[in-house]
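Visitor: Hey, I've got a structure open and want to talk it through. Can you walk me around it?
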Amino acid sequence: MTAARSEHTCVFGLGWGDEGKGKIVDLLCPGFDVVARFNGGANAGHTVCVGDEKFALHLLPSGVLHEAATSVVGHGVVVDPLAILSEIDALAARGIDVMGRLRISDRAHLVMPYHKIEDKLGEKAAGESGKIGTTARGIGPCYADKMRRTTAIRFADLLFNDDLPTKVRKIVDNRKKYFAAVYGEDGGLDAAEVLDELATARDRLGPCVCDTSELLHGAIGGGRAILFEGANGLLLDVDHGTYPFVTSSSTGPHGIGPGAGVPASRVTRLIGVTKAYATRVGSGPFVSELKDEVGNRIRVQGHEFGTTTGRPRRCGWFDTVANRYTARLSGATDVALMHLDTLSGFERVGYCVAYEIDGKRVDTPPADAGQLEKAMPVFEFMPGWQENLRTVRRFEDLPPTALAYVERIETLIGAPVTLAGVGPDRSQTLVRGPLADVIAVPEPTAAAPSS
Ligand code: GDP
Ligand code: IMO
Ligand code: MG
């Protein structure tokens, strides 16, 4: 069985990232002809487990392991050329050649060495209390240049702008002065090295660069199916997330228009991915966080350490206030509730049903980070389950307490949970409802972790 060809789909995060989007994209891939990223950059770390092999993808779409699909990096993505090249080379070393089926938008912006330097220097200067806790991949400074316009560099510049070396020398010169004045060091920037990097990018990535919006519209016109892969998560969205502790892009389906050049109305299935509990990396408010033994236990059982930076993820109970908000603003038609297996063994499982701010009960996240920081979680609890879920293959075979938990979450967030994760392997996924007709979950391999 394959996915209905006409239904263009978006997979995106409902939380603060790392929900398991890579796994869902990989699972859906056989039904799609094109997989397209539309936002973020190398801040993303999407894990795909195939048998006993594990792939961590940062800039390449998670569909890249499927030879039949074209992989598109849309113009809303900020591309670090060295990072994408090292990903391409690492896959080639494992026998996977992606060059022939990778297309990068000529309108995509390049993350330059000075963006990464600025990211690091800015965070260091902000100190523990003021920093965002970024991934240090230059994401914010690159998007800032994109909005500033005059100091931005796109792939089209690499190919067509004869004045690029002059422009780059000027930018580098100005950044050195700025860094020295503001941070007391010039960051060790060298214009010749920056230009060398750009030359490598042009030579090696140039053949992949094209008008990807045209490509996507051609695919749509030809009846081919597109899978859009969101990076990060809606609670990190620059407009809707826990600002300013967010990333710098539009992380949900609303990012498809600006980031891929396809009207969002074309994309009719919207799969919001979330976890059976909550995690966050970096700074910022996290109302349902558990800074105790329960939080530690979730971290250990769920192996909650960052795919991109290796940082331990902060853990807490599921937040129905935050997920209801992101499910509603994205219009999620389906919710994938991952890591149900991770909660096995808890006597009771909790979920946050409201916030209390200055003694007042609130059921939607306030805009102000200070208000959110003050919010106290109102938790409810249900009996947990002791069974190992890793070998469960159907929703109806879940222990009754686990199924009751899924149904409670579904009711509280107001969107149907049609997918659930019971382990990292492709085979460890439950599907129900109309999606069950279009996703073929593979049989487990001997390597699928059973405990
Ligand atoms: P993404 O950024 O949303 O793609 O998520 P990450 O790859 O950063 O983090 C998700 C982690 O959870 C990865 O290590 C996945 O292999 C793993 N994972 C995904 N789904 C499940 C699940 O249902 N159960 C368990 N135990 N692990 C899962
Ligand atoms: P995936 O796609 C988890 C977080 C960072 C930091 C904030 C800003 O793997 O789910 P940035 O480097 O973007 O300026 O950092 O956003 N962040 C993520 N957290 N998963 C991600 O991506 C993230 N991308 C950004 O930790 O708090
Ligand atoms: Mg991740």
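This is a predicted model: local features need pLDDT of at least 70, side-chain atom pairs count only at pLDDT 80 or more; totals for chains, interfaces and linings use all residues.

Visitor: Okay, and what's phi like at A136?
Guide: Phi there is near 65°, a positive value in a residue other than glycine.

Visitor: Phi of N232 too, what is that near?
Guide: For N232, phi is near 65°, again a positive value in a non-glycine residue. N232 belongs to the loop between β10 and α9.

Visitor: Is N232 buried or exposed?
Guide: N232 counts as buried, because its relative accessibility is 7% and the cut-off for buried is under 20%.

Visitor: Which ligand has an oxygen atom by the backbone of N232?
Guide: That's ligand 2: one of its oxygen atoms is 2.8 Å from a polar backbone atom of N232. For T135, a polar side-chain atom lies 2.5 Å from an oxygen of the ligand. For T247, an N or O atom in the side chain is 2.6 Å from a ligand oxygen.

Visitor: How much of ligand 2 does the protein cover?
Guide: On its own, ligand 2 has 550 Å² of accessible area, and the protein covers 97% of that.

Visitor: Who's in the shell around ligand 2, by class?
Guide: The shell has 7 nonpolar, 10 polar and 3 charged residues. Of the 20 residues around ligand 2, D18, K21, H46, T135 and T247 come nearest.

Visitor: Which domains does that shell draw on?
Guide: Domain 1 (7-98 + 211-437) and domain 2 (109-207) each give at least three residues to the shell around ligand 2.

Visitor: Switching to ligand 1. Which residues come nearest?
Guide: G20, K21, G45, T47 and D341 come nearest, out of 21 residues around ligand 1.

Visitor: And what backbone atoms are by its oxygens?
Guide: A backbone N or O atom of G20 is 2.8 Å from an oxygen atom of ligand 1. A polar backbone atom of G22 is 2.9 Å from a ligand 1 oxygen, and for G421 the distance is 3.4 Å. Taken alone, ligand 1 exposes 580 Å², and the protein buries 93% of that.

Visitor: Which elements give two or more residues to the ligand 1 shell?
Guide: Those are α1 (21-28) and β3 (46-50). By class, the ligand 1 shell divides into 4 nonpolar, 10 polar and 7 charged residues.

Visitor: Where does N39 sit?
Guide: N39 is in the loop between β2 (34-37) and β3. N39 is buried, because its relative accessible area is 1% and buried means under 20%. Leaving out residues up to four places away in sequence, N39 touches a set of residues including G76, V77, Y143, E229 and S250.

Visitor: And S71, buried or exposed?
Guide: S71 counts as buried, with 0% relative accessibility. S71 is part of strand β5 (residues 70-73). Past its neighbours within four places in sequence, S71 is in contact with V35, P61, G63, V64, R101, L102 and R103.

Visitor: Prolines next. Which residues does a cis peptide bond join?
Guide: Y243 and P244, with omega about 5°. P244 lies in the loop between β10 (226-229) and α9 (256-260).

Visitor: What about P365, where is that?
Guide: P365 is in the loop between β17 (360-362) and α12 (369-374). Beyond its neighbours within four places in sequence, P365 is in contact with V321, A322, Y325 and Y355. P365 and H240 are 125 residues apart in sequence and 9.9 Å apart in space, C-alpha to C-alpha.

Terms used:
Residues are numbered from 1 along each chain as its sequence is written. Chains are lettered from A and ligands numbered from 1 in the order in which they are written. Side-chain values use heavy atoms; hydrogens and water are left out. A residue is near a molecule or strand if one of its heavy atoms lies within 4 Å of it. A polar contact is a pair of N or O atoms within 3.5 Å; within protein, one must be able to donate a hydrogen and the other to accept it, and residues adjacent in sequence count only if both atoms are side-chain atoms. Accessible areas come from the Shrake-Rupley method with a 1.4 Å probe; for residues, only the protein chains shown count as cover. Helices (H or I, at least four residues) and strands (E, at least two) are DSSP runs, numbered from the N terminus. Ala, Val, Leu, Ile, Met, Phe, Trp, Tyr, Cys and Pro count as nonpolar, Asp, Glu, Lys and Arg as charged, and the others, Gly among them, as polar. Buried means under 20% relative accessible area, exposed over 50%, partly exposed in between (1.4 Å probe, protein chains only). Contact means heavy atoms within 4.5 Å. Domain bounds come from an automatic or database domain assignment.
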